[in-house]
Amino acid sequence: MKTFKLVPVFLLLILASCSTVSVYSDYDKNVDFAPYKTYAFFKPGIDKVEISDLDKRRILHAIDTELQAKGFTKSENPDLLVNIFTKSREQVNVNQFSAGWGYGWGWGWNPYMMYGGNQTTVSTSTEGTLFIDLIDAKKKEMIWQGEGVGTLTKNIDKKDERVQEIVSKVLAQYPPVKKQ
């Protein structure tokens with residue numbers, strides 16, 4: 001019976017860890033964001049990002065999609081410059097699962113436990129962080145920065161949707177809601 005009670009909790013933890021994206025943002029509280037209507041990508045900054053060109057294109061395409069959905073227009077003479085920065089780190093996950101078999105109730109030593117289901121699994125994953133910087137094009141000052149942190153995938157069929165998910169959650173925080 002113990003194993004049946006733990007299985008749903010274990011599965012819930014696995015599912016929750018697969019799709020989690022944490023987002024944060026910071027901004028200049030003295031800036032009025034309403035006048036910003038056009039954007040362009042800050043090529044010198046984006047060229048320095050050390051990821052594959054394919055992943056850069058995925059990120060830039062997702063940013064284009066989100067900004068245009070917010071009513072922004074790409075321009076040669078933009079109000080905002082968009083820059084990105086990425087970093088990643090390898091994570092090692094160790095999970096121990098014990099499913100005791102035997103007779104009886106309660107706590108204590110169980111001689112049947114040593115023949116039961118003790119299992120340790122070790123897995124690795126890559127956690128990526130994407131920073132999206134919005135820079136006032138005339139003043140050349142950063143006015144907003146969003147950050148998204150999530151587990152990356154190497155599955156080519158899922159890369160586009162994962163990048164889109166991270167970018168959309170980050171840009172959902174723009175423009176910032178000023179608290180009165």
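I began with contacts (heavy atoms within 4.5 Å): among those in the protein chain between residues at least 6 apart in sequence, 76% join residues at least 24 apart. The model is predicted, so I noted that local features need pLDDT of at least 70 and side-chain atom pairs pLDDT 80 or more, while totals for chains, interfaces and linings use all residues. Residues are numbered from 1 along each chain as its sequence is written, and side-chain values use heavy atoms, without hydrogens or water.

**Fold.** I listed four helices and six strands in the protein chain, taken as DSSP runs numbered from the N terminus (helices H or I, at least four residues; strands E, at least two). Along the sequence they follow the pattern α-β-β-α-α-β-β-β-β-α.

**Surface and burial.** I found that 32% of the 180 residues count as buried (under 20% relative accessible area; exposed is over 50%, partly exposed in between; 1.4 Å probe, protein chains only). The accessible surface comes to about 12700 Å², with 57% of this belonging to carbon and sulfur atoms (Shrake-Rupley method, 1.4 Å probe; for residues, only the protein chains shown count as cover).

**Core.** I looked up the largest nonpolar core, which has 28 residues (buried Ala, Val, Leu, Ile, Met, Phe, Trp, Tyr and Cys joined through side-chain atoms within 4.5 Å). Ile63, Ile84, Ile132 and Trp144 have the most contacts inside this core. At least two of its residues come from each of β2 (38–41), α3 (53–69), β4, β5, β6 (141–151) and α4 (156–171). I also checked Trp144, whose contacts beyond four places in sequence include Phe33, Ile132, Leu171 and Tyr174.

**Rings.** I searched the whole structure and got seven aromatic pairs (Phe, Tyr and Trp rings, six-membered for Trp, with centres within 6.5 Å; planes under 30 degrees apart are stacked, over 60 edge-to-face, the rest tilted). Phe33 and Tyr36 form a tilted pair, 6.4 Å centre to centre with 50 degrees between the planes, and both are buried. Tyr39 and Phe41 form an edge-to-face pair at 5.9 Å and 85 degrees; Tyr39 and Phe41 are buried too. Ring pairs link Tyr27, Phe33, Tyr36, Phe72, Trp144 and Tyr174 into a cluster.

**Glu127.** I placed Glu127 in strand β5 (residues 117–136). Glu127 counts as buried because its relative accessible area is 18%. Val149 is 22 residues away from Glu127 in sequence and 7.0 Å away in space, C-alpha to C-alpha. Beyond four places in sequence, Glu127 touches residues including Lys87, Arg89 and Val149.
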